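Subject: Structure for your review, with notes

Dear colleague,

Please find below the structure that I am handing over to you. My notes on it come after.

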Protein chains: 2
Amino acid sequence: MRVEFGSLSNIADGAIELSSFFDPKNAELDSFLKKVKEIVESNEVRRLPKIPKGTRDFGKEQMAIRGRAFSIIESVFKKHGAVGLDTPVFELRETLMGKYGEDSKLIYDLADQGGELCSLRYDLTVPFARYLAMNNINALKRYQIAKVYRRDNPSKGRYREFYQCDFDVAGQYEKMEPDFEVVQVLTELLDELNIGEYEIKLNHRKLLDGMLEICGVSSEKFRTVCSSIDKLDKQPFEQIKKELVEEKGLAVETVDKIGSFVKKRGPPLEILSDLKNVGSQFLENEGSVLALNDLEILFRALEKSKAINKVVFDLSLARGLDYYTGVIYEAVFKGATQVGSIAAGGRYDNLVGMFSGKQVPAVGVSLGIERVFTIMEQLEKERNQVIRATETQVLVAVLGNDLPLAAEVVRELWAANIKAEFGTNKKFMKQYDRAKQNGIPWIMTIGENELKEGIVLLQKVENKEEGFKIPRDRIVEELQKRLNASSS
Amino acid sequence: MRVEFGSLSNIADGAIELSSFFDPKNAELDSFLKKVKEIVESNEVRRLPKIPKGTRDFGKEQMAIRGRAFSIIESVFKKHGAVGLDTPVFELRETLMGKYGEDSKLIYDLADQGGELCSLRYDLTVPFARYLAMNNINALKRYQIAKVYRRDNPSKGRYREFYQCDFDVAGQYEKMEPDFEVVQVLTELLDELNIGEYEIKLNHRKLLDGMLEICGVSSEKFRTVCSSIDKLDKQPFEQIKKELVEEKGLAVETVDKIGSFVKKRGPPLEILSDLKNVGSQFLENEGSVLALNDLEILFRALEKSKAINKVVFDLSLARGLDYYTGVIYEAVFKGATQVGSIAAGGRYDNLVGMFSGKQVPAVGVSLGIERVFTIMEQLEKERNQVIRATETQVLVAVLGNDLPLAAEVVRELWAANIKAEFGTNKKFMKQYDRAKQNGIPWIMTIGENELKEGIVLLQKVENKEEGFKIPRDRIVEELQKRLNASSS
């Protein structure tokens, strides 16, 4: 922008304007100064450190919630006899290659600083398979709660570093035993976390392949057709139809036939009996017959374990990952189709064999806990609960500059396993406020008088009038007595 | 090497040797075939997947030990009112730069795949300071148990991915309060982990600087001289002297004077009173006087908290990291000088300010848990204890191909919070062996007879003769009764 000066009189006018601008009574000067202040401050903010996009810190309140979620999840896993496993956060790059199809582009690589080429783990399933193959283990029921890494677009509100909670059963078992247990575990997890109504969509890879075969899709197109079908929870069938006909070259009749199948979703045993009806084309397809027999056993077991009402048999569920070979499933919140899945999994009988040449059948589920945290945080807020981040039971307040005295008293409490903090500020109110702000229930004060008398003054923080004079040699038992009384 | 053929007769001799070599009775053929077999097999082994150098998996037994160690450590941290914090495994590269001096070369970088430049965290202290600065937090007592990454030489038996357990107190407190608590926490950690005798070497950065000043070292040489001094626990003084005189250009008298100081180590209050003796040059050095006053308060407090006998005041302790400004310390196992430290830390009052410009004083300690795991594993082995990896209380053994029946029974147990596994193999002995091998104490059998009678057979695995016939509708209470009896 260029400022043009016309005549001298205009300059004089400008001078008058300028001087009035700097008049402290002028509202424009005020807003101008505000803007300058804003710019200076935003520069200051910009100088503050940042964390990488798509990552987050867990502060004390989040850690408290997370701790509770993990403890629920871990106790479900342990109830089912699973053992823990931990693997490195990065794997040799060759371990991850060829396992995730198109999604491989989202893998984080470590820089080549000499030595081996490594990448951050993308999930916990491939490291589990690598662990089994490397150690020649034929059977293992394991859980793992750990962070995984995906260079996804964080603008979608997704994290690039996030937790997965995995439960997998590897090994030869009687038919459908582990498949039943994994789906059962998934319902127990979501029930115990108590974060809302959900349903588990379930399908079978072999049934899906059989369906496409019946519809006349050639086998080399199975995968690309599946990835279109997988979008049916987000897009209308007409749009998918267009994609399948125009982009993927299927005949209109083929797509319509697929359309009539993928509409089938509902209570597992009903849909199953529908598919097994006399005259059903699935009965002539070998893979489908295997799948339907698997599913019948699974559904009968889930019926008896009272989990069947959480399951929806859904022929449109396709799941992207290459390695699935049998049952597949995905848990979603009810009524919230756009939210995506909170958990997913399936059977993968060939993955371990990709590493060692020796097949170890396996089935598992992975719970994405980030969404669970968010919901739990919201629920806490709605309940208006204050989340106490610490468990401190007493503050030892020495009124004056005597750290050795505080050290002596507070150590006695620590040695008796009492959760205690201490302070040596000479102002009682300052120490009292600290206890109050942190929700510490008791304060134990030692001032000049108490020191002379050989006592401490023990007070409830919420009701500081009521104080007990306790002899110095009885502080542990007198405090414990009161802590036990208030906790029972 | 070239093979030379002499005469024809030699060739004939060779032919005879060759044919006798292939004689099946020939021992050389045997050993030759063994070697071939070895090579083939080792190639097969080589085809198995590997994990990156310097990393490790934690299998079920290691996870059980690790879980115990973490729970001890966490309960000490919580007893002192610390809150948890978790930060991303990688940080922006600029966050880590300029914090570790020479060791920066050991930082793992992520590959540049577009977007921000990131590196794996090298410790938990710098991310803690970044977190405080970014969120404008002035005071926080936090702990963090997490993996850190260093491209160190794994041949030394060191890991490149390893756990650190950090406890830090940031904020303005009365003098030496947090310093006392951090050292106290360190003694509690090592006492409760119960992994052997240890001592905590302790010194003060300002005292160290004062000492060098007194000896006539110019301030720009402080750091390089310190890094020589820091090697005194591994090398004799004569060698360090040579380095200081020949490589670092110090005068012989200067080095001898340093030598007379760094020999000083022993009970804190004794050494302190020695340094504060009338005529001590430290009393004329401003920084040293500050340091000696700090240390006096600290030692008096540690005396009262009964931790002083674990502390050795050691003027040769220098610690490499740039960011320390006050007390520094390092815990080592007694009698094992070569093992290196198991924990270390100190005061760093300027680190947060490096990010935000606003100083937040802080002090902390970091426990390297890898060595603790190793010692705990050895102790378990010596005690010859079998570490049970699962806590399963009962195996539900349905004798036959009836998954729905197993599902119905085991769900009842799970719903009552009983840790249970199940099997549907028709052979009782196979299921019994599974229970025995996994240390599961009870087996609940349902065969054809039990099914007809509407009962289950409940047996102790270690003593399977004794069986109880339990009506199907009373399995939970009858089992719980027996579990409670055996646990009390």
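This is a predicted model: local features need pLDDT of at least 70, side-chain atom pairs count only at pLDDT 80 or more; totals for chains, interfaces and linings use all residues.

Residues are numbered from 1 along each chain as its sequence is written, chains are lettered from A and ligands numbered from 1 in the order in which they are written, and side-chain values use heavy atoms, with hydrogens and water left out.

To begin with the interface, 87 residues of chain A are in contact with 88 residues of chain B, where contact means heavy atoms within 4.5 Å. Between them the two chains bury about 7500 Å², of which 60% is on carbon and sulfur atoms; buried area is the accessible area (1.4 Å probe) that two parts lose on being put together, summed over both. The rule finds 10 salt bridges across this interface, a salt bridge being a side-chain nitrogen of Lys or Arg within 4 Å of a carboxyl oxygen of Asp or Glu. A:E421 forms a salt bridge with B:K141, and the closest N and O atoms of this pair are 3.1 Å apart. On the side of chain A that touches chain B, the largest share, 6 residues, comes from helix α15 (residues 403-415) of chain A, with helices (H or I, at least four residues) and strands (E, at least two) taken as DSSP runs and numbered from the N terminus. By class, that side of chain A has 37 nonpolar, 18 polar and 32 charged residues, where Ala, Val, Leu, Ile, Met, Phe, Trp, Tyr, Cys and Pro count as nonpolar, Asp, Glu, Lys and Arg as charged, and the others, Gly among them, as polar.

Within chain A, the axes of helix α7 (residues 205-215) and helix α10 (residues 252-262) come within 9 Å and cross at roughly 145 degrees; axes are lines fitted to C-alpha atoms, for helices over the stretch in contact, and angles run from 0 to 180 degrees between N-to-C directions. Among the residues that make this contact are A:M211 and A:L212 of α7(A) and A:I258 and A:F261 of α10(A), and the contact residues divide into 7 nonpolar, 1 polar and 1 charged.

In chain B, helix α7 (residues 205-214) and helix α12 (residues 286-304) pack at an angle of about 145 degrees, with their axes 8 Å apart. Here B:K206, B:L207, B:G210 and B:M211 in α7(B) meet residues of α12(B) that include B:L290 and B:L295, and the contact divides into 6 nonpolar, 3 polar and 1 charged.

Over all chains, the structure holds 72 salt bridges. One joins the side chains of A:K419 and A:E391 (3.4 Å, N to O), and this pair links distant parts of the chain, 28 residues apart.

Finally, most residues other than glycine have a negative phi. B:N136, in the loop between α5 (125-134) and β4 (140-149) of chain B, has a positive phi near 55 degrees. B:N194 likewise has a positive phi, of about 55 degrees, and is placed in the loop between α6 (177-193) and β6 (198-204) of chain B.

With best regards
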